[in-house]
Amino acid sequence: MKGLLKGVAAFSLMAALGASSAHAQNLMTIGVGGGITIPTGTTSDALKTGWNAEGVFQYKPATSPVGLQIDGMYQQLKANATGTAAGLDKEKIWSGTGNIVFWFPTSKETKIRPYVLGGGGVYNLKDVPTAAAVAAGATSASVTKFGINAGAGFDFDIQSNVAFFVEGRFHNVFISGGNAHFIPITAGFRFKA
(Lines give C-alpha, C1' and ligand atoms only; values in the text may rest on other atoms or scores of the structure.)
Protein backbone atom coordinates (compact mmCIF):
# COMPACT_ATOMS: atom_id res chain seq x y z
CA MET A 1 0.00 0.00 0.00
CA LYS A 2 2.85 2.41 0.86
CA GLY A 3 4.46 1.62 -2.51
CA LEU A 4 1.20 2.40 -4.31
CA LEU A 5 0.84 5.72 -2.46
CA LYS A 6 4.46 6.67 -3.26
CA GLY A 7 3.87 5.82 -6.92
CA VAL A 8 0.72 7.96 -7.04
CA ALA A 9 2.56 10.85 -5.34
CA ALA A 10 5.46 10.62 -7.82
CA PHE A 11 3.05 10.49 -10.75
CA SER A 12 1.13 13.51 -9.42
CA LEU A 13 4.38 15.50 -9.18
CA MET A 14 5.35 14.55 -12.76
CA ALA A 15 1.85 15.43 -13.99
CA ALA A 16 1.99 18.82 -12.27
CA LEU A 17 5.39 19.59 -13.81
CA GLY A 18 4.14 18.49 -17.23
CA ALA A 19 1.04 20.63 -16.81
CA SER A 20 3.07 23.77 -16.23
CA SER A 21 5.16 23.29 -19.39
CA ALA A 22 2.41 22.24 -21.83
CA HIS A 23 -0.92 23.12 -20.24
CA ALA A 24 -2.72 24.01 -23.46
CA GLN A 25 -2.11 20.57 -24.95
CA ASN A 26 -2.97 18.41 -21.94
CA LEU A 27 -5.93 16.13 -22.53
CA MET A 28 -8.75 15.82 -19.99
CA THR A 29 -11.80 13.70 -20.72
CA ILE A 30 -14.98 12.76 -18.92
CA GLY A 31 -16.96 9.70 -19.87
CA VAL A 32 -19.83 7.36 -19.16
CA GLY A 33 -20.24 3.70 -19.94
CA GLY A 34 -21.87 0.43 -19.06
CA GLY A 35 -21.61 -3.26 -19.72
CA ILE A 36 -21.45 -6.67 -18.13
CA THR A 37 -19.72 -7.87 -14.97
CA ILE A 38 -18.45 -11.45 -14.80
CA PRO A 39 -17.80 -12.96 -11.36
CA THR A 40 -14.68 -15.16 -11.22
CA GLY A 41 -13.12 -17.60 -8.78
CA THR A 42 -15.12 -18.32 -5.64
CA THR A 43 -17.27 -15.24 -6.30
CA SER A 44 -18.89 -17.17 -9.16
CA ASP A 45 -19.95 -19.89 -6.69
CA ALA A 46 -22.92 -17.75 -5.58
CA LEU A 47 -23.28 -15.07 -8.28
CA LYS A 48 -23.91 -15.01 -12.02
CA THR A 49 -23.00 -12.44 -14.67
CA GLY A 50 -24.56 -9.03 -14.04
CA TRP A 51 -24.35 -5.46 -15.32
CA ASN A 52 -22.42 -2.27 -14.56
CA ALA A 53 -22.53 1.51 -15.09
CA GLU A 54 -19.47 3.77 -14.87
CA GLY A 55 -18.51 7.44 -14.75
CA VAL A 56 -14.86 8.21 -15.56
CA PHE A 57 -12.39 11.11 -15.63
CA GLN A 58 -9.00 10.87 -17.41
CA TYR A 59 -6.02 13.21 -17.45
CA LYS A 60 -3.13 12.74 -19.91
CA PRO A 61 -0.18 15.16 -19.89
CA ALA A 62 0.79 16.31 -23.38
CA THR A 63 4.42 15.22 -22.98
CA SER A 64 3.88 11.77 -21.47
CA PRO A 65 2.21 8.46 -22.40
CA VAL A 66 1.32 8.04 -18.70
CA GLY A 67 -1.82 9.56 -17.22
CA LEU A 68 -4.44 9.20 -14.52
CA GLN A 69 -7.97 7.78 -14.48
CA ILE A 70 -10.46 8.24 -11.66
CA ASP A 71 -13.74 6.37 -11.92
CA GLY A 72 -16.86 5.45 -10.04
CA MET A 73 -18.75 2.26 -10.85
CA TYR A 74 -21.98 0.57 -9.80
CA GLN A 75 -22.42 -3.16 -10.42
CA GLN A 76 -25.27 -5.55 -9.74
CA LEU A 77 -25.02 -9.33 -9.93
CA LYS A 78 -27.97 -11.69 -9.35
CA ALA A 79 -27.50 -14.79 -7.26
CA ASN A 80 -27.26 -18.15 -9.01
CA ALA A 81 -29.09 -21.26 -7.71
CA THR A 82 -26.47 -21.83 -4.99
CA GLY A 83 -26.68 -18.21 -3.79
CA THR A 84 -30.48 -18.22 -3.85
CA ALA A 85 -30.54 -21.43 -1.82
CA ALA A 86 -28.40 -19.63 0.76
CA GLY A 87 -30.90 -16.75 0.90
CA LEU A 88 -29.07 -14.30 -1.39
CA ASP A 89 -31.04 -12.41 -4.06
CA LYS A 90 -28.27 -10.17 -5.48
CA GLU A 91 -25.00 -8.38 -4.77
CA LYS A 92 -24.65 -4.60 -5.23
CA ILE A 93 -21.13 -3.20 -5.61
CA TRP A 94 -20.21 0.50 -5.49
CA SER A 95 -16.58 1.43 -6.14
CA GLY A 96 -14.30 4.43 -6.56
CA THR A 97 -10.81 3.80 -7.97
CA GLY A 98 -7.73 5.78 -8.95
CA ASN A 99 -5.58 4.29 -11.72
CA ILE A 100 -2.34 4.92 -13.57
CA VAL A 101 -2.89 4.66 -17.36
CA PHE A 102 -0.24 3.96 -20.01
CA TRP A 103 -1.23 4.71 -23.62
CA PHE A 104 0.81 2.81 -26.21
CA PRO A 105 2.50 5.19 -28.67
CA THR A 106 0.60 5.57 -31.97
CA SER A 107 0.79 7.96 -34.89
CA LYS A 108 -1.38 11.08 -34.84
CA GLU A 109 -3.44 9.70 -37.73
CA THR A 110 -4.33 6.50 -35.86
CA LYS A 111 -7.97 6.34 -34.73
CA ILE A 112 -7.46 3.40 -32.33
CA ARG A 113 -5.43 4.04 -29.16
CA PRO A 114 -4.71 1.01 -26.90
CA TYR A 115 -3.90 1.43 -23.21
CA VAL A 116 -3.31 -0.52 -20.00
CA LEU A 117 -4.24 0.65 -16.53
CA GLY A 118 -4.14 -0.40 -12.91
CA GLY A 119 -4.63 0.98 -9.42
CA GLY A 120 -6.66 0.69 -6.27
CA GLY A 121 -9.71 2.03 -4.53
CA VAL A 122 -12.59 1.57 -2.15
CA TYR A 123 -15.39 -0.96 -2.72
CA ASN A 124 -18.73 -1.32 -0.95
CA LEU A 125 -20.35 -4.75 -1.34
CA LYS A 126 -23.95 -5.22 -0.21
CA ASP A 127 -25.71 -8.59 0.02
CA VAL A 128 -29.45 -8.27 -0.64
CA PRO A 129 -31.45 -11.24 0.75
CA THR A 130 -34.35 -12.94 -1.01
CA ALA A 131 -37.93 -12.13 0.04
CA ALA A 132 -38.16 -15.54 1.74
CA ALA A 133 -34.94 -14.84 3.70
CA VAL A 134 -36.27 -11.39 4.74
CA ALA A 135 -39.52 -13.03 5.93
CA ALA A 136 -37.38 -15.36 8.03
CA GLY A 137 -35.58 -12.38 9.62
CA ALA A 138 -32.57 -11.84 7.33
CA THR A 139 -31.32 -8.32 6.65
CA SER A 140 -28.97 -6.78 4.09
CA ALA A 141 -25.28 -6.99 4.97
CA SER A 142 -22.75 -4.44 3.73
CA VAL A 143 -18.96 -4.21 3.89
CA THR A 144 -16.53 -1.54 2.64
CA LYS A 145 -12.99 -2.67 1.81
CA PHE A 146 -9.88 -1.76 -0.21
CA GLY A 147 -9.29 -3.45 -3.55
CA ILE A 148 -7.01 -3.38 -6.58
CA ASN A 149 -7.65 -3.64 -10.31
CA ALA A 150 -5.76 -3.96 -13.59
CA GLY A 151 -6.80 -4.22 -17.21
CA ALA A 152 -6.65 -2.87 -20.73
CA GLY A 153 -8.76 -1.01 -23.24
CA PHE A 154 -9.02 0.82 -26.54
CA ASP A 155 -10.12 4.34 -27.38
CA PHE A 156 -11.66 4.75 -30.85
CA ASP A 157 -11.64 8.39 -32.03
CA ILE A 158 -15.01 9.29 -33.55
CA GLN A 159 -14.55 13.06 -33.80
CA SER A 160 -11.90 15.46 -32.57
CA ASN A 161 -13.63 15.75 -29.18
CA VAL A 162 -15.45 12.38 -28.84
CA ALA A 163 -14.10 8.84 -28.47
CA PHE A 164 -15.75 5.45 -28.02
CA PHE A 165 -14.00 3.15 -25.51
CA VAL A 166 -14.03 -0.53 -24.63
CA GLU A 167 -12.30 -1.62 -21.42
CA GLY A 168 -11.94 -4.76 -19.32
CA ARG A 169 -10.44 -4.94 -15.83
CA PHE A 170 -9.89 -7.60 -13.19
CA HIS A 171 -10.90 -6.43 -9.69
CA ASN A 172 -9.78 -8.05 -6.43
CA VAL A 173 -11.47 -6.82 -3.24
CA PHE A 174 -9.75 -7.82 0.00
CA ILE A 175 -12.44 -9.34 2.22
CA SER A 176 -11.72 -11.48 5.27
CA GLY A 177 -12.66 -15.09 4.65
CA GLY A 178 -12.04 -14.90 0.89
CA ASN A 179 -11.53 -12.12 -1.63
CA ALA A 180 -14.18 -11.02 -4.14
CA HIS A 181 -13.13 -11.27 -7.81
CA PHE A 182 -14.95 -9.93 -10.86
CA ILE A 183 -14.28 -8.61 -14.36
CA PRO A 184 -16.39 -5.71 -15.65
CA ILE A 185 -16.30 -5.27 -19.43
CA THR A 186 -17.44 -1.73 -20.16
CA ALA A 187 -18.10 0.29 -23.32
CA GLY A 188 -18.96 3.97 -23.50
CA PHE A 189 -18.02 7.43 -24.68
CA ARG A 190 -15.37 9.93 -23.60
CA PHE A 191 -15.71 13.66 -24.20
CA LYS A 192 -12.82 16.13 -24.15
CA ALA A 193 -13.27 18.59 -21.31
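This is a predicted model: local features need pLDDT of at least 70, side-chain atom pairs count only at pLDDT 80 or more; totals for chains, interfaces and linings use all residues.
A residue is termed buried when its relative accessible area is under 20%, exposed when over 50%, and partly exposed in between.

## The Asp 157–Arg 113 Pair

A salt bridge joins the side chains of Asp 157 and Arg 113, with an N to O distance of 3.2 Å. Asp 157 belongs to strand 6 (residues 141–159) and Arg 113 to strand 5 (residues 112–129), so the contact ties together parts that are 44 residues apart in sequence.

The relative accessibility of Asp 157 is 27%, and this residue therefore counts as partly exposed. Arg 113, with a relative accessible area of 22%, is likewise partly exposed.

## Contacts of Arg 169

The side chain of Arg 169 meets that of Glu 54 in a salt bridge of 2.9 Å, N to O. This pair links distant parts of the chain: Arg 169 is located in strand 7 (residues 162–173) and Glu 54 in strand 2 (residues 50–60), 115 residues apart. Both Arg 169 and Glu 54 are buried.

Arg 169 also forms a salt bridge with Glu 167, where the closest N and O atoms are 3.0 Å apart. Glu 167 is buried, as is Arg 169.

Terms used
Residues are numbered from 1 along each chain as its sequence is written. Side-chain values use heavy atoms; hydrogens and water are left out. A salt bridge is a side-chain nitrogen of Lys or Arg within 4 Å of a carboxyl oxygen of Asp or Glu. Helices (H or I, at least four residues) and strands (E, at least two) are DSSP runs, numbered from the N terminus. Buried means under 20% relative accessible area, exposed over 50%, partly exposed in between (1.4 Å probe, protein chains only).
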